[in-house]
Amino acid sequence: MSLDLLSVRAAECVGCRLSERRTNVVFGEGNPQSPLVLVGEGPGEEEDKTGRPFVGRAGQLLDRALAECSLDRTQVYICNTVKCRAADWSTGKPRNRPPSEDEVAACRQWLLPQLATIAPTVILCIGAPSAKNLIKPDFRITKERGGFFRSRYSRAIMATLHPAYILRQNSATYDGGFSLLVEDIAKAWRTANELRAAGKVEPTFVEVDV
Ligand code: URA
């Protein structure tokens, strides 16, 4: 199925309770021909409003990290683990929360065909929920980020820190992990291009997919 048709179908999804409160399904955007796909966690308030991935504060930090690698959004494809905003509405004012396991599982019906259609050379998981979904359920983001794993969705897959986590860690004396995010994006981009140019050569994996 084409990406356009997939996104039209996803826009009508009622596969989990996140559909009840969403404004927009945030399917993904960028260059579907890119060798590199970034998969985040899920839309926040700004993304829900606009229908575009990573446009809030975390997204602005991601744009800065891409720019440090001399990249912009037109050179990669960006999407999320879940396509609708996960929020806690119990106090009346919605607060973003991580998607639950069943919400992540329900949204694989969109994410997996999306990845299969794009067929990226490298996937970069942004944050732990994405890495747990696409690499292995017990993925430890601080220990295992920056290394390549084998994947059934791409030639290689890696995870990095989520910009929202970096914003929380950031202090006067620590960049919160921003330099690691830049390092990981640069490595993922370089490897994606090298693998695509080399055709069949495999990278060195640190672990086998489960
Ligand atoms: N965080 C994500 O993981 N994805 C977005 O689209 C925005 C913030």
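Author: We will go from the overall dimensions to one strand and its partners. Please keep in mind that this is a predicted model.

Reader: What does the radius of gyration say about the chain?

Author: The general idea is to set the value beside a rule for globules. A compact globule of 210 residues would have a radius of gyration near 17 Å, and the chain has 16 Å, which agrees. The C-alpha trace spans about 50 × 50 × 30 Å along its principal axes, and the secondary structure comes to eight helices and seven strands.

Reader: How much of the chain is buried, and how many of the contacts link residues 24 or more positions apart?

Author: Burial is judged by relative accessible area, with under 20% counted as buried. By that cut-off, buried residues make up 49% of the chain, while residues 24 or more positions apart account for 72% of the contacts with a separation of 6 or more.

Reader: Which residues of strand S2 lie on each side, and are they buried or exposed?

Author: A strand is read face by face. In S2, which covers residues 36–40, five of the five residues are buried; Leu 36, Leu 38 and Gly 40 lie on one side, with Val 37 and Val 39 on the other, and both faces are covered.

Reader: Which strands are joined to S2 by bridges?

Author: Pairing is read from the bridges. S2 runs parallel to S6 (residues 122–126), to which four bridges join it, and Val 37 has Ile 123 as its bridge partner there. Four bridges also join S2 to S3 (residues 77–80), again in parallel, where Cys 79 is the bridge partner of Val 39.

Methods:
Residues numbered from 1 in each chain as written. Predicted model: local features only at pLDDT ≥ 70, side-chain atom pairs only at ≥ 80, totals over all residues. Heavy atoms only, no water. Buried < 20%, exposed > 50% of the residue type's maximum accessible area, 1.4 Å probe, protein only. Helix = DSSP H or I, 4+ residues; strand = E, 2+ residues; numbered from the N terminus. Pairing = 2+ DSSP bridges. Rg over C-alpha atoms; globule rule 2.2 N^0.38 Å. Contact = heavy atoms within 4.5 Å.
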